Amino acid sequence: MAHRDTEHDLIGPVHVVGAGLLGTSVGLALSRAGETVWVSDVHDDNVRTAAGLGAGVALPEGAEPALVVVAVPPSVVGVEVVRALSAAPRAVVTDVGSVKAQPLAEVLSAVPEHVARYVGGHPMAGSERSGPLAASASLFEGRPWAVTPHPRAEEGGVRVVERLATTCGAVPVALTPEQHDRAVARTSHLPHLMSVLTAARLAGAEPAELSLSGQGVRDVTRIAASDPVLWQQIIVGNAGSVRELLVDVRRDLDALIGELDDPAALAVHLRRGNDGVAEIPGKHGGEAVPVEVVTVSVPDHPGELARLFGDVSAIGTNIEDLRIDHDPGRPVGLVELHVAQRSAAGLRDALEARHWAVQR
Ligand SMILES: NC(=O)C1=CN([C@@H]2O[C@H](COP(=O)(O)OP(=O)(O)OC[C@H]3O[C@@H](n4cnc5c(N)ncnc54)[C@H](O)[C@@H]3O)[C@@H](O)[C@H]2O)C=CC1
Ligand SMILES: O=C(O)C(=O)Cc1ccc(O)cc1
């Protein structure tokens, strides 16, 4: 097996199975890092598109990968991991699937003799879009990547999967498969269903009502636009943990319905929301930095955004996040710069000194 000891050694050749959003993004990130990447997919078109984007080349006949990354829809992750373990008898095999106990159970039942070479993984990065055209080499930059070894996993294989994560720019986080599935029920699967339930209230609403849609409803419903087939498979694969949380939410909903006109009780619900948001770790998994939004009106002309970013950089402020909205009444973009709270007041003053229209 291709086990190597230093940070800088290659982990490949890498075979990526499934040239969709995740597989092509992994291929792009690894190719950029100088790895040899071979790509396969049930749809040849997707292999051609991924290769055209620079994510690797079509899997050659007789190829012997050192690492296989399975990036297929959740319902076939287990079967493809089993196939890879049998087809590449010396390779470490990992996957990027959104649930982790289910594929491990399939490996243990189908090829227990190969289980040591399987180490599950899950990059916590993606999008509401699917397919190779939505891929990006920087998708995983600074994101957590769960690495979920089981008790019989080879230590060397775990190190290879951690290096896959770091080579893609992500931060490996070690969890057992069961811990992982409970964690993503809370941080990914429940939020998805809440987004879906909110978005469902918009379907069929009056156009006049929908015309008032602002940033809040867009924030809450973005992920409800995701592929329903993908999400059906994810939720079914983690139904036990998701159900437990939904039962808690049902209890809260029932209480809320009864307390809507009781200001004190309502305030308790709203403050619990504040408390939950404050628990979300900051970028790169570190301490959450208190962030403030500085909103700047930017004329709708080519080059204006670049000029704004140039000025923010010259002022010396780091942009933590960014959103661009449009002023419905005027040909200007409203650029929301999310910056550390301690820099916000200084940035407003400095931008005004450079003649930007800053909202106060
Ligand atoms: N979409 C997201 O944001 C994230 C998805 N994931 C996980 O990554 C995996 C892939 O998801 P996406 O890339 O979003 O899906 P996708 O639909 O963009 O790509 C899946 C690809 O797998 C191919 N495929 C299907 N069955 C196959 C098989 N048996 N053998 C080879 N190729 C096959 C499809 O043709 C398609 O190109 C899923 O297991 C998902 O749970 C993980 C993190 C984020
Ligand atoms: O689009 C987003 O913000 C996501 O949350 C994407 C996502 C989808 C599935 C996963 O298993 C992990 C991340």
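Does His355 count as buried or exposed, and how many C-beta neighbours does His355 have inside 10 Å? The first legend takes up this residue, and the others follow.

**View 1. His355 in the loop between helix H13 and strand S12 of the predicted model.** His355 counts as exposed because 7 C-beta neighbours lie inside 10 Å, and the cut-off for that class is 12 or fewer. The loop that holds His355 runs between helix H13 (341–353) and strand S12 (357–358). The backbone of His355 has a phi near 70°, a positive value in a residue other than glycine. Most residues other than glycine have a negative phi.

**View 2. The cis peptide bond from Gly12 to Pro13.** Omega of this bond is near 5°. In general, most peptide bonds are trans. Pro13 belongs to the segment before strand S1, which covers residues 14–17. Domain 1 is assigned to residues 14–175.

**View 3. Helix H2 and the elements that cover its buried residues.** Helix H2 comprises residues 44–53, and its buried residues are Asn46, Val47, Thr49, Ala50 and Ala51. Just after H2, Gly54 adopts a positive phi of about 100°.

**View 4. The residues around ligand 2.** The shell consists of Ser98, Met124, Gly126, Ser127, Glu128, Ser188 and Ile223. Sorted by class, the shell has 4 polar, 2 nonpolar and 1 charged residues.

View 5. The chain has 360 residues, of which 33% count as buried. Its secondary structure comes to 13 helices and 12 strands. Along the principal axes, the C-alpha trace spans about 65 × 50 × 40 Å. Taken over C-alpha atoms, the centres of domain 1 and domain 3 are separated by 38 Å. Among contacts between residues at least 6 apart in sequence, 70% join residues at least 24 apart.

How values were computed
Residues are numbered from 1 along each chain as its sequence is written. Chains are lettered from A and ligands numbered from 1 in the order in which they are written. This is a predicted model: local features need pLDDT of at least 70, side-chain atom pairs count only at pLDDT 80 or more; totals for chains, interfaces and linings use all residues. A residue is buried if 20 or more other C-beta atoms lie within 10 Å of its own, exposed if 12 or fewer, and partly exposed in between; C-beta atoms are placed from the backbone. Helices (H or I, at least four residues) and strands (E, at least two) are DSSP runs, numbered from the N terminus. Two residues are in contact if their C-beta atoms, placed from the backbone, lie within 7 Å. A residue is near a molecule or strand if its C-beta atom, placed from the backbone, lies within 6 Å of it. Ala, Val, Leu, Ile, Met, Phe, Trp, Tyr, Cys and Pro count as nonpolar, Asp, Glu, Lys and Arg as charged, and the others, Gly among them, as polar. Domain bounds come from an automatic or database domain assignment.
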